[in-house]
Protein chains: 2
Amino acid sequence: MKKITSNVKPIIYEPAGADEVCKPRLLVLDQRLIPYEKKYIELKTYKDVISAIKDMVVRGAPLIGITAAYGMALAVRDVVKTCHGKSLCEELSSIANEIKNARPTAINLNWAVDLIMNDVRAIHELPVHEAINAIEKRAIWIHEDDEMRCQKMGEYGAHMIETCGHKSVLTICNTGALATGGIGTAFGVILTAYKKDPSIKVFAAETRPRQQGARLTTFEFIENGIDCTLISDTACGYLMKKGEVDLVIAGADRIASNGDTANKIGTYQLAVLAKENNIPFYIAAPLSTFDLSIKSGEEIPIEERSHEEVTHINGETICTKGVKVRNPAFDVTPAKYISGIITEKGILSGDYKSSIKNAFNETVIA
Amino acid sequence: MKKITSNVKPIIYEPAGADEVCKPRLLVLDQRLIPYEKKYIELKTYKDVISAIKDMVVRGAPLIGITAAYGMALAVRDVVKTCHGKSLCEELSSIANEIKNARPTAINLNWAVDLIMNDVRAIHELPVHEAINAIEKRAIWIHEDDEMRCQKMGEYGAHMIETCGHKSVLTICNTGALATGGIGTAFGVILTAYKKDPSIKVFAAETRPRQQGARLTTFEFIENGIDCTLISDTACGYLMKKGEVDLVIAGADRIASNGDTANKIGTYQLAVLAKENNIPFYIAAPLSTFDLSIKSGEEIPIEERSHEEVTHINGETICTKGVKVRNPAFDVTPAKYISGIITEKGILSGDYKSSIKNAFNETVIA
C-alpha cells in the first residue's frame with residue numbers, strides 16, 4: 001500500500017555533522033499552542049526533554065517515548081565524554097529513571113528508555129564517537145519504527161472500516177501525527193480510511209479537561225481535509241443513541257496483558273455507551289503500548305493532574321473560586337467493552353490474553 | 001418539616017403599590033455572570049422577558065416558567081388598558097405564543113403561560129384594575145407553588161437518601177435556586193439531605209458546553225456550605241466505576257407520559273453509566289415538567305443551540321477555526337434507566353405510565 005503521510009510534524013531530529021562541528025538539533029512543536037500558533041522549541045539537554053514531557057509541550061504516548069529516546073541520546077552525548085565503563089552505565093541509568101518519572105502512565109516512555117539502556121550496556125567499551133552514534137541510531141530507529149507501526153495499524157484499521165462499511169467515526173483526545181512518530185494510531189486509521197473513501201465523517205470529542213480533541217484533533221483533521229465535527233464530551237451518548245455514529249476508535253496509553261486499556265479520561269464512558277448502543281468500539285495502539293508485566297487494568301496507576309486543568313481554560317477560571325477538584329487524567333476500559341485492538345500485527349480480539357500473547361510471539365494474526 | 005431555604009435569589013418580583021403610583025418591578029439575577037458577579041437586571045416589558053429567556057439571563061425549566069408568568073403579568077398590565085374583550089384575548093394569545101417560542105424544549109414555559117391564558121379568558125369582563133391584579137396574583141401563585149413543590153421534592157428525596165445511606169451524590173447542570181422558584185429540584189434534594197446529614201458529599205459535573213455545573217452549581221453548593229467537588233464531564237464514569245458515587249440525581253426539562261426524560265445534554269450518558277455500575281439514577285422534577293400529551297421521549301424536540309457555545313469559552317476560542325459543530329442542548333434518558341422520579345407527590349418508579357397517571361390523579365403514592 002502507498003505510504004500515507006500527514007503534513008503535521010511534531011518532532012524533528014537533525015543528527016550532528018560527521019565532523020561533530022554541528023551539534024545535533026532536537027526540535028519539538030509546542031503543542032500547548034496548537035491550533036493558534038505553530039512554534040518549535042529546541043530541546044538541548046535531557047533536562048529540557050523532561051520539562052517538555054512534564055509540561056505537555058509534547059504529549060501522546062508514542063511521541064513521549066520517541067522524545068525520551070532522543071533525550072537519552074542527548075544525555076549519552078554529554079555523559080560519555082566525562083565518564084566511562086561502569087560509571088557511565090550508572091550515570092545514564094539514573095538519568096533514565098529521571099526521564100521515566102516525567103509521566104507515570106505512558107508505558108511507551110519506559111519501553112523506549114529501557115531499549116536505549118540495553119544498548120548503553122553494550123557500548124561502554126566502544127570509542128566515544130561510535131558509542132554516541134550507536135545510541136543516536138537507536139533513537140532514530142525508535143522514531144522510524146513507530147512511523148512504520150502507524151502505517152500498519154492504518155492499513156489494518158482502514159481495511160476493517162471499509163469491510164464493515166462504517167461512514168461515521170467518533171474519536172477522543174488526540175492520536176494523530178501530534179501524538180506519534182507517524183500518522184498516528186486511531187487518527188492514522190481514520191486518515192488511511194479517508195484516503196480510500198473521502199466521504200468518511202468524523203466526530204471529535206472535545207476531551208476535557210485539556211481539550212486535546214478540540215485543540216489538536218480538529219486541527220489535524222482539517223489540515224488533512226477530513227470532514228470533522230466537534231462535539232462536547234456530553235453529546236457523545238446522544239449521537240450514538242441517535243444512530244449517527246458507526247464506530248468509536250480511541251488510542252491507548254497502556255494496555256494490560258488481558259486487554260484492559262488505560263487511555264485519556266472519558267474513554268471508558270465512550271466504551272460503555274458504544275456497548276449500550278451496539279456500536280463497535282476499537283482501540284488502536286502499537287505493541288509498545290502493551291505492558292505484559294501486568295495482568296489487568298487494576299494494576300495501572302492513574303495519574304491525577306493539576307486542578308487548574310479543570311478550573312481554568314485559556315488561563316481564565318470557569319468555576320467558583322476555591323471549589324474542590326478531582327482530575328484523573330486517564331481511565332481504564334475493561335477488555336470486555338473492546339471490540340478489537342488494532343495493532344501493527346493485525347487486529348486482536350476475542351480472548352485477549354491469548355491474542356495478545358500470539359501478537360508478541362510473532363504469530364500471524366491478521 | 002422545617003422549611004429549607006437557600007441564600008441565592010434568582011428572581012424578585014415587587015408588586016405595584018395599591019395606588020398604582022409605583023409600578024411593579026421584576027428583577028432577575030443575570031446568571032451569565034455567576035459566579036463572577038452578582039448583578040440584577042430589571043425586566044420592564046414582556047419583550048425584555050423573552051430576551052432574558054432567549055439569552056439565558058434566566059435558565060432552568062421551572063424558573064423559565066415563573067419568569068414567563070411574570071412576563072405575561074407585565075403584558076396584561078400594558079395590553080388591558082388599550083383593548084378589551086375578544087381583542088384582549090387575541091392580543092395576549094399572540095404574546096403568549098411569542099413567549100412560549102423563546103425556548104422550545106422546556107415544558108414549564110408552556111405550562112405557566114397556558115395557566116395565565118386560562119385566567120385571561122375569565123378576566124376580560126373585569127374592571128382593568130381587578131383584571132391586572134388577578135393575573136399578577138396568578139403569577140405570584142405560580143412562583144410560590146414552585147417553591148412549595150421544591151420543598152416537597154426535597155423531603156421525599158432526602159428521605160430516600162437517608163434511608164439508603166447514600167453519602168456521595170453526582171449531579172449535572174444546575175437544578176438549584178438559580179433554576180427554580182425555591183431550593184431547586186435535584187439540588188433541593190441534596191440540600192435537604194445535607195441539612196439532615198452534613199457529611200454528604202457532592203460531585204458537580206462541569207456540564208459542557210455551557211458549564212452550568214462548574215459556574216452555577218459549585219456556586220450554590222459553596223454558598224450553602226456543602227462539600228462539593230468539581231469534575232470534568234469525562235471523569236463521571238471513572239468515579240462511578242471506582243465506587244466513589246453512591247447516587248446520581250439530575251433534573252428534567254420535560255418528561256413524557258412513559259417516564260422518558262429530556263434533560264441537559266450529558267444526562268443520558270450518566271444514566272447509562274449509572275446502570276452499568278449498579279448505581280441508582282434519579283430524576284427530580286415537579287409535575288409541571290411532565291408532558292402527558294406525548295407518549296415517549298421520541299416526541300420531545302431537541303434544541304440545537306449556537307456553535308459558539310462549543311467553540312468558545314469565556315469569549316475565547318478553544319478549537320481550530322472553521323470546524324463544524326453539533327450542539328444538541330438536551331438529550332432524552334429512556335425511562336428504563338431511571339430508578340425513580342422524585343416529584344412533589346412522592347417518588348414515582350416501576351411502571352411509569354401508571355405511576356405518573358396516579359400522581360396526576362392525586363392518588364397518594366408516597
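Is Arg149(B) buried or exposed, and what is its relative accessible area? In the predicted model described here, Arg149(B) has a relative accessible area of 11% and is therefore buried, since the cut-off for that class is under 20%. An α-helix has 3.6 residues a turn, so residues three or four places apart point the same way.

The corresponding pair in chain A was also examined. Asp145(A) and Arg149(A) form a salt bridge in which the closest N and O atoms are 2.5 Å apart, and Asp145(A) and Arg149(A) are both buried. These two residues lie in helix α5 of chain A (residues 128-164), where they are four residues apart, or about one turn of the helix.

Over all chains, the structure holds 50 salt bridges. One of them brings together the side chains of Asp114(A) and Lys100(A), at an N to O distance of 2.7 Å. This pair links distant parts of the chain, with Asp114(A) placed in helix α4 (residues 107-123) of chain A and Lys100(A) in helix α3 (residues 85-100) of chain A, 14 residues apart.

The interface between the two chains was considered next. The contact takes 58 residues from chain B and 58 residues from chain A, and about 4900 Å² is buried between the two chains, 57% of it on carbon and sulfur atoms. On the side of chain B, the residues that lose the most area to chain A are Thr234(B), Tyr238(B) and Arg326(B), which together account for 15% of what that side buries. Eight salt bridges are counted between chain B and chain A, and among them is the one formed by Arg208(B) with Glu206(A), where the closest N and O atoms are 2.8 Å apart. Polar contacts across this interface involve 38 residue pairs, with both residues of each pair at pLDDT 80 or more.

Several elements of chain B give two or more residues to the side that touches chain A, namely helices α7 (212-223), α8 (236-241) and α9 (267-276), together with strands β6 (227-231), β13 (316-317), β14 (324-325) and β15 (330-333). The largest share, six residues, comes from α9(B). By residue class, this side of chain B divides into 30 nonpolar, 12 polar and 16 charged residues.

Strand pairing also crosses from one chain to the other. Strand β6 of chain A (residues 227-231) pairs with β14(B) in the parallel sense over two bridges, and the bridge partner of Leu230(A) in β14(B) is Val325(B). Thr229(A), which lies in strand β6 of chain A, has a relative accessible area of 9% and is therefore buried. Apart from its neighbours within four places in sequence, Thr229(A) is in contact with Val202(A), Phe203(A) and Ala204(A) of chain A, and with Lys324(B), Val325(B) and Arg326(B) of chain B.

Within chain B, two further elements illustrate buried parts of the fold. Helix α6 (residues 186-196) is mostly covered, nine of its 11 residues being buried, and the buried residues include Phe187(B), Ile190(B), Leu191(B) and Tyr194(B). Strand β10 (residues 281-284) of chain B is covered on both faces, with Phe281(B) and Ile283(B) buried on one side and Tyr282(B) and Ala284(B) buried on the other. In a regular strand the side chains alternate between the two faces of the sheet. Strand β7 (residues 247-250) of chain B pairs with β10(B) in the parallel sense over three bridges, and Val248(B) stands opposite Phe281(B) in β10(B). Three bridges also join β10(B) to strand β16 (residues 340-343) of chain B, the two strands running parallel, and here Ile342(B) in β16(B) is the bridge partner of Ala284(B).

How values were computed
Residues numbered from 1 in each chain as written. Chains lettered and ligands numbered in written order. Predicted model: local features only at pLDDT ≥ 70, side-chain atom pairs only at ≥ 80, totals over all residues. Heavy atoms only, no water. Contact = heavy atoms within 4.5 Å. Buried area = accessible area lost by both parts, 1.4 Å probe. Salt bridge = Lys/Arg side-chain N within 4 Å of Asp/Glu carboxyl O. Polar contact = N/O pair within 3.5 Å; in protein donor to acceptor, adjacent residues only side chain to side chain. Nonpolar A, V, L, I, M, F, W, Y, C, P; charged D, E, K, R; others polar. Pairing = 2+ DSSP bridges. Buried < 20%, exposed > 50% of the residue type's maximum accessible area, 1.4 Å probe, protein only.
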